[in-house]
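Colleague: I would be grateful for a close look at a single part of this model, namely the place where its two chains meet. Please treat it in one connected account.

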Amino acid sequence: MFAYDSVILARMLTSMTLVFHIIFATIGAGVPLLICAAEYVGIRKRDPKYVLLARRWTRGYVIIVAVGVVTGTAIGLQLFLLWPTFMQIAGHVIGLPLFMETFAFFFEAIFLGAYIYTWDRFKGRYTHWYLSLPVVIGGGMSAVFITTVNAFMNTPQGFTLDGRTITSVDPIMAMLNPATPSKVFHVLTSSYMTSGAILAAITAFFILKYGNNTYYKKALKLTMIITLIFSIFTAIAGDTSAKFLANYQPEKLAAAEWHFKTEKGADLILFGRLTEDNEIQGAIHLPKLLSFLSFGDFNSEVTGLDKVDADLIPPLWIHYMFDLMVIFGAFGILISMLFIVFMFWKKRDQYNKWLLRAIVVNAPLAMLAIEFGWIFAEVGRQPWILRGYMRVAEGAISSPYVHYVFAAFLILYVLLGTFVTLVLVRLYKKNPIQKEWEMRFPDTLFGGDQK
Amino acid sequence: MSYEILGLSALWFFLFAYLIIASIDFGAGFFAYYALQTKKDHILNRLIARYLSPVWEITNVFFIFFFYGLAFFFPDAGYYFGSAMLIPGSIVLLLIGIRGSFYAFENYGSRKSKLYTFLYGASGLFIPAAIATGLTISEGGFLRHENGSVYLRYKELLTNPFSWAVVFLAVVSVLYISAHFLTYYANKAGDEPARKLLRSYALFWAAPQIIASLTAFIFISRQNPAHYNNMLDLWWMFGLSVLFFLIGIYLVYRESHYGLSFICVMLQFFFALLGYGIGHMPYLLYNEIQVTADATLPAMGTALLIAFAGGLLMLIPSLILVMRMFLFDAEYVKGKK
């Protein structure tokens, strides 16, 4: 019984760390692209307002990274502390990308340090901007490497097992497993989309609060364009992921879609609820759409849960996670597209209050979509930790102390979460944009008009 | 040379590098707190902040590097240490959490708080103490097998004088290394009051440092005679270590060549850790895990080494670049940039 408890607790602690870490990881990987873009546009157009934007974003970003280093170290170590048996097997096969991830982060940290301390230190116009490139690449590569490890847990390959002993290994094949392309694509695009959405939301919030001006307009235009581009890519990546699942992990897709019976021309089911006999009530049925999403053909056959062993069916509540992820993602596309359309369609005002409010709401929704997407991905793999090879219960530690550790980390995350919010708020309150503007551009009013 | 020996050498090197740079960081935290308590903080804090701000994330990565490398070159070691270190490892993580937020709070959010300086200083002593339990456990005799799992014998660990000797050594070494480096750095920055104060710290911690080293050495003979005898065969390495210790202290005492004196401190730890490490062979964890027998498969080992070499090719030039910008840019050190 005690071993079982420690499995549950190990899962809870890992989930808690990941749910917390993913916020910082997403921003950590995504925001450098926006900073890099803003500084580039600023240098290119010789418009110091964009450079100021990059500067101000960087200050907050550094604090997020500081917390991300902490939570990233936590999950990195917890893998070994909570899942020693799993890591013993996985370490033989999938250690390579985790090892390389350290290098990628190292690379990013070195150049981030250089980037934040060298504004105005170089003569060349582009020199400082070049320092942002390794930060973007390092952050992106970290995400790529970590995602291959997660992909490996879903579709393990590249090794041969004899009992509990691994007899041969191909580390490259393990990294480039079938789940890798769609997952990497999805993680990167959604991270850029969400980072864009967050910075856009902050800008929209300030416009609503303090009124509009050129500076905010430029910020909102840049962030909304990036959000739109990457939300479209995210949708494509989501589609790729669904097709991957249909082919390689049909039980996950079937559980997410409450698709009980293998059939041709399968319906896509939105929301609803399950009775005790697994009958679906109150759901929206979109005819044949699941078949289309799975294989690009409205009449293709989609594997249902009837083809899956009863003890290998993932929890069916992931259906809601899946639906919410899709809906929130679609909301992001809609909002950013409306903004861009209004930008060109002179009759409409892209800065109207309701659209700005929607842009503010879009940021938490995008982050929730990422959280729900990960919960769907992880819970949808149950009961496996290494699909087809090792169950979650076999991989965990058995220790009577996990609940203390859980409590300690809960306190740590609550404190870190509170404090990071406070520090960010204080940072920007202490040095508001109006003040920094007057210091840097004494000849103009805040926003860019001549005095 | 076989891939497991190459891998182990790389890991050893990372451990050594972490020992040095993390000690500087941890010790600086303690000195910052101590200076605040004794109302000398105005002398030290600017210097410490100037050195630490650009490098702290890098310090942390060295740590992750070491344990990832250990666990992937020797997955069984990852399993044993992972199973055993739940509590000490989690303590390290919680303390790293406190430190990480200190940097954000103090350096980026820029507000001084006494409580935070205390937590920052204290965590700098507790983290090495908790990490050092890994070295203690590696001597053998602290693990218990039950129902196919590995458990740490907490009572044994907490009541054994050897484990306390290691903790003592870790803490004292942190302060000793840090004081030496900061003296050198203050001297370079031309900060006379800070240099004087830090020099007195460096001299103060010398005697405890050598006493702690000898104590730990003697206790190994009781905990693990085989390891002790191996180390005795390498007596000249420890002799060199002591020699560099004396030169380093002498130079600081003479108030000259601070850079050279810090190099002597590094060489002191280099030879001590090398003698300790070679004497530890062939076991990573005594009587449980051997270097050759328990290494990962050749394909993985080779891939890791290639990744490692490629990573270094990328990192070393970048590190040199950053160091030239901050640590060794005289203008920056003096605070003019």
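How many residues does the contact take from chain A, and how many from chain B?

Modeller: In this predicted model, the contact draws 62 residues from chain A and 63 residues from chain B. The size of an interface is often given as the accessible area lost when the parts come together. Between chain A and chain B, the buried area is about 5,700 Å², and carbon and sulfur atoms give 80% of that area. On the side of chain A, the residues that lose the most area to chain B are A:F99, A:F103 and A:F106; together these three residues account for 13% of what that side buries.

Polar contact between the two chains is found for 2 residue pairs, with both residues at pLDDT 80 or more.

The elements of chain A that give two or more residues to the side touching chain B are α2 (48-82), α3 (84-116), β2 (165-169) and α14 (402-430). Of these, α3(A) supplies the largest share of that side, with 23 residues. By residue class, the side of chain A that touches chain B divides into 44 nonpolar, 15 polar and 3 charged residues.

Methods:
Residues are numbered from 1 along each chain as its sequence is written. Chains are lettered from A and ligands numbered from 1 in the order in which they are written. This is a predicted model: local features need pLDDT of at least 70, side-chain atom pairs count only at pLDDT 80 or more; totals for chains, interfaces and linings use all residues. Side-chain values use heavy atoms; hydrogens and water are left out. Contact means heavy atoms within 4.5 Å. Buried area is the accessible area (1.4 Å probe) that two parts lose on being put together, summed over both. A polar contact is a pair of N or O atoms within 3.5 Å; within protein, one must be able to donate a hydrogen and the other to accept it, and residues adjacent in sequence count only if both atoms are side-chain atoms. Helices (H or I, at least four residues) and strands (E, at least two) are DSSP runs, numbered from the N terminus. Ala, Val, Leu, Ile, Met, Phe, Trp, Tyr, Cys and Pro count as nonpolar, Asp, Glu, Lys and Arg as charged, and the others, Gly among them, as polar.
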